[in-house]
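This report is meant for a reader who meets the structure for the first time.

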Amino acid sequence: MDIEGAVCLVTGASSGIGAATARLLNGLGARVVLAARRADRLDALASELPGSLAVATDVTRREHLERLVARALDTYGRIDVLVNNAGQGLHVPIEELDPADLRAVFELNVIAPLVGMQCVLPVMRSQSTGSVVNVSSATSQRVFPGLGGYSATKAALNMISQVGRLELAGSGVRVSIVYPSVTATEFHDRLRAGHPVSGARSIPRDPPELVGEAIAFAISTGEAHVLVGSPPRPIIPGDDEGWSALLARQTPGT
Ligand SMILES: NC(=O)c1ccc[n+]([C@@H]2O[C@H](COP(=O)([O-])OP(=O)(O)OC[C@H]3O[C@@H](n4cnc5c(N)ncnc54)[C@H](OP(=O)(O)O)[C@@H]3O)[C@@H](O)[C@H]2O)c1
């Protein structure tokens, strides 16, 4: 898909990867719709990005997602891209994992992207074109002590994304997964519960702009799995080198 002129909804746009992605897409000529709960931050970012729209949104509330889609359609008349990026970590050993915390993070990391897809897919199907990019985590591909709850949510998101991609084959709508490694954002300071796992703080963090480039690559190419790197690259089934590269970049606590 051509990013120039595309209408791109970005959730979690008030900080980190979402804000960096919104800036990058806007710089490439997209009309970005910024969604998160902190309206002051969204408004500040929107004032920097020509032609953008800020919509205060709690993605765990269906009616907020419906309002986000309605505002985008009222303003631009179409929706080309949904970046499901809003998310939160939960870094607690299994014996201490509070089911209430896991339910809350499942709502945010899995159910919200699912409902987001359900809200935009009728629009994208009617346009016969669209791109959904779901922001997962490299941790979804490996087994790390302390990350059972968080990684489970991202593994669930991966499966929903891959099944959705198959179900949408031939519709003109593509679903992609991007796998960030440890990234320099507010993420580790805003965990739902727990602490960054052992060793995570000593690992060099990717800038969020690098993840933004991988997201832009996923939008432009429609690749199913995208590895964050410079440059970003697709990972295709049977591409052992690609998965090895992903796992090599993967680090505890992300
Ligand atoms: N940083 C890493 O090391 C890393 C690694 C792998 C994957 N990831 C993934 O990357 C994504 C972005 O994280 P980040 O690193 O950019 O972290 P971040 O700086 O903490 O950003 C998280 C974003 O999610 C938004 N958010 C949280 N709850 C929300 C809700 N209920 N409704 C709407 N927005 C909500 C936050 O905005 P408000 O609080 O304003 O709502 C914020 O904009 C997440 O899915 C995360 O799992 C991050």
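In helix 2 (residues 39-48), the buried residues are Leu42, Leu45 and Ala46. Seen down the axis of helix 2, these buried residues fall within an arc of 100°, so they line one face of the helix. The arc is that of the directions from the helix axis to the C-beta atoms. A residue counts as buried if 20 or more other C-beta atoms lie within 10 Å of its own, as exposed if 12 or fewer do, and as partly exposed in between, with C-beta atoms placed from the backbone. Helices (H or I, at least four residues) and strands (E, at least two) are DSSP runs, numbered from the N terminus. An α-helix has 3.6 residues a turn, so residues three or four places apart point the same way. Asp40, Ser47 and Glu48 are exposed on the face of helix 2 turned away from its buried side. The cover over the buried residues of helix 2 includes helix 1, strand 2 (31-36) and strand 3 (53-56).

The model is predicted: local features need pLDDT of at least 70, side-chain atom pairs count only at pLDDT 80 or more, and totals for chains, interfaces and linings use all residues. Residues are numbered from 1 along each chain as its sequence is written.

|---|---|---|---|
| Strand 1 (residues 7-11) | five of five | Val7, Leu9, Thr11 | Cys8, Val10 |
| Strand 6 (residues 173-179) | seven of seven | Val173, Val175, Ile177, Tyr179 | Arg174, Ser176, Val178 |

Strand 1 is largely enclosed by the rest of the structure, and strand 6 is mostly covered. In a regular strand the side chains alternate between the two faces of the sheet. Strands pair if DSSP finds at least two bridges between them. Strand 1 pairs with strand 2 in the parallel sense over five bridges, and Cys8 stands opposite Val32 in strand 2. Strand 5 and strand 6 are also parallel, with six bridges; here Ser131 stands opposite Arg174 in strand 6.

The largest nonpolar core has 70 residues, of which Cys8, Leu9, Val10, Val33, Leu34, Ala35 and Val178 touch the most other members. Such a core is a set of buried Ala, Val, Leu, Ile, Met, Phe, Trp, Tyr and Cys residues joined through C-beta atoms within 7 Å. Not counting residues up to four places away in sequence, Val33 touches Val7, Cys8, Leu9, Val10, Leu53, Val55 and Ala72, contact being defined by C-beta atoms, placed from the backbone, within 7 Å.

Around the ligand there are 30 residues, and Gly12, Gly16, Arg37, Arg38 and Gly87 come nearest. A residue is near a molecule if its C-beta atom, placed from the backbone, lies within 6 Å of it. Helix 1 (residues 16-27) gives the most to this shell, with three residues.

Some single residues complete the account. Ser230 and Pro231 are joined by a cis peptide bond, with omega about 0°, and Pro231 lies in the loop between strand 7 (225-227) and strand 8 (233-234). Ser128, in the loop between helix 4 (99-127) and strand 5 (130-135), has phi near 60°, a positive value in a residue other than glycine. Ser128 is exposed, with 10 other C-beta atoms within 10 Å.

Conventions
Contact = placed C-beta atoms within 7 Å.
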